[in-house]
Amino acid sequence: MNNLKIGVAITGSFCTFEKTLYSLKELKNVYSNLFPIFSYAASSINTRYYKADEYINSVSKLCGNKPIITLTDAEPMGPVGGLDLLIVIPCTGNTLAKLHLGITDTPVSMVAKAQLRNNKPVLIVLSTNDALSANLKSISELLNRKNVYLVPFGQDDYLNKPYSLKSDFSSILDSIGYALEGKQLQPILKAIV
Ligand SMILES: Cc1cc2nc3c(=O)[nH]c(=O)nc-3n(C[C@H](O)[C@H](O)[C@H](O)COP(=O)(O)O)c2cc1C
């Protein structure tokens, strides 16, 4: 078991919540210190997938730490630092654009800002229908950003969602290992099934 501190930042790609929970269980087997952070959308919107409170409870119980759901909770991450890596899982197009443009108005974007300020890695697990349209600029910019890494991704349903990209969830653990060493896992383009 590894004692590194991993921030788990969850944003509003609600259809990926179940897959995310499964990945967090795998993560917990390797990294004992997981710190959950939720965007306002993720912590407040009830959907057909999950009730917001239920999901926060499940993730927090699994991580074993209190959830960060406000900017006030998130702010100390800057001066105090302390996370070895922040994984944004899943990352919406909205949060991706915020990371690109330096907008810090949610707990997730705030902690990401703190990570980058402290020269620590941020790893992005993409899940957005707009990746090959409105968000493509953000992806290309973040691929070139110091300390930002992406879990390899591909088109998850090119017939019905031609602009959609999703990260390959089976590459998450390897991507974390690479990001902790300051490297991007390759190949970055994957066939998603
Ligand atoms: C049921 C539902 C599913 C959604 N799925 C996605 C998604 O997979 N990817 C995405 O980028 N946005 C998705 N959205 C939209 C985001 O939740 C919305 O843009 C929100 O403002 C994101 O805020 P956040 O990035 O701060 O979490 C979904 C919204 C709803 C209600």
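**Close-up 1. Strands β3 and β4 pair in the parallel sense, with four bridges between them.** This is a predicted model, in which local features need pLDDT of at least 70, side-chain atom pairs count only at pLDDT 80 or more, and totals for chains, interfaces and linings use all residues. Residue numbers start from 1 along each chain, following the sequence as written. A word on the labels: helices (H or I, at least four residues) and strands (E, at least two) are DSSP runs, numbered from the N terminus. Two strands pair if DSSP finds at least two bridges between them. Look for Ile87, whose bridge partner in β4 is Leu123, and for Cys91, which has Leu126 as its bridge partner in β4. Strand β1 (residues 2–10) also runs parallel to β3, and four bridges join them; here Ile6 has Leu85 of β3 as its bridge partner. Seven of the seven residues of β3 (residues 85–91) are buried, so the rest of the structure largely encloses this strand. Buried here means that 20 or more other C-beta atoms lie within 10 Å of a residue's own; exposed means 12 or fewer, partly exposed is in between, and the C-beta atoms are placed from the backbone.

**Close-up 2. Strand β4 is largely enclosed by the rest of the structure, because seven of its seven residues are buried.** In a regular strand, side chains alternate between the two faces of the sheet. In β4, Val122, Ile124, Leu126 and Thr128 point one way, while Leu123, Val125 and Ser127 point the other way, and all are buried. Strand β5 (residues 148–150) runs parallel to β4, joined to it by three bridges. Ile124 finds its bridge partner in β5 at Leu150.

**Close-up 3. The ligand sits among 19 surrounding residues.** Which residues are the closest? They are Thr11, Gly12, Ser13, Ser39 and Thr92. A residue is near a molecule or strand if its C-beta atom, placed from the backbone, lies within 6 Å of it. The elements giving two or more residues to the shell are α2 (40–44), α6 (93–101) and β4 (122–128). Sort the shell by class and you get six nonpolar, 13 polar and no charged residues. For that sorting, Ala, Val, Leu, Ile, Met, Phe, Trp, Tyr, Cys and Pro count as nonpolar, Asp, Glu, Lys and Arg as charged, and the others, Gly among them, as polar.

**Close-up 4. Helix α6 is mostly covered, with seven of its nine residues buried.** The buried ones are Gly93, Asn94, Thr95, Leu96, Ala97, Lys98 and Leu99. Their cover includes β3, α7, β4 and α8 (136–143). Gly102 follows α6 and has a positive phi, near 75°.

**Close-up 5. Helix α7 (residues 107–117) has eight of its 11 residues buried, so the rest of the structure largely encloses it.** Pro107, Val108, Ser109, Met110, Val111, Ala112, Ala114 and Gln115 are the buried residues of α7. Just past the end of α7, Asn119 takes a positive phi of about 65°.

**Close-up 6. Helices α1 (residues 17–30) and α3 (residues 52–63) pack at an angle of about 10°, with their axes 10 Å apart.** That makes α1 roughly parallel to α3. Angles under 35 degrees count as roughly parallel, over 145 as roughly antiparallel, 65 to 115 as roughly perpendicular and the rest as oblique. The axes are lines fitted to C-alpha atoms, for helices over the stretch in contact, and the angles run from 0 to 180 degrees between N-to-C directions. On the α1 side, Phe17, Leu21, Leu24, Lys25 and Lys28 make the contact; on the α3 side, Tyr55, Ser58, Val59 and Leu62 do. By class, this contact has six nonpolar, one polar and two charged residues. Two residues are in contact if their C-beta atoms, placed from the backbone, lie within 7 Å.

**Close-up 7. Tyr50 lies in the loop between α2 and α3.** Tyr50 is partly exposed, with 18 other C-beta atoms within 10 Å. Setting aside neighbours within four places in sequence, Tyr50 contacts Phe14, Phe17 and Tyr55. Tyr50 and Phe17 are 33 residues apart along the chain, and 8.0 Å separates their C-alpha atoms.

**Close-up 8. Gln155 occupies the loop between β6 (153–154) and β7 (165–167).** Gln155 counts as partly exposed, with 18 C-beta neighbours inside 10 Å. Beyond its neighbours within four places in sequence, Gln155 is in contact with Ser164, Leu165 and Ile192.
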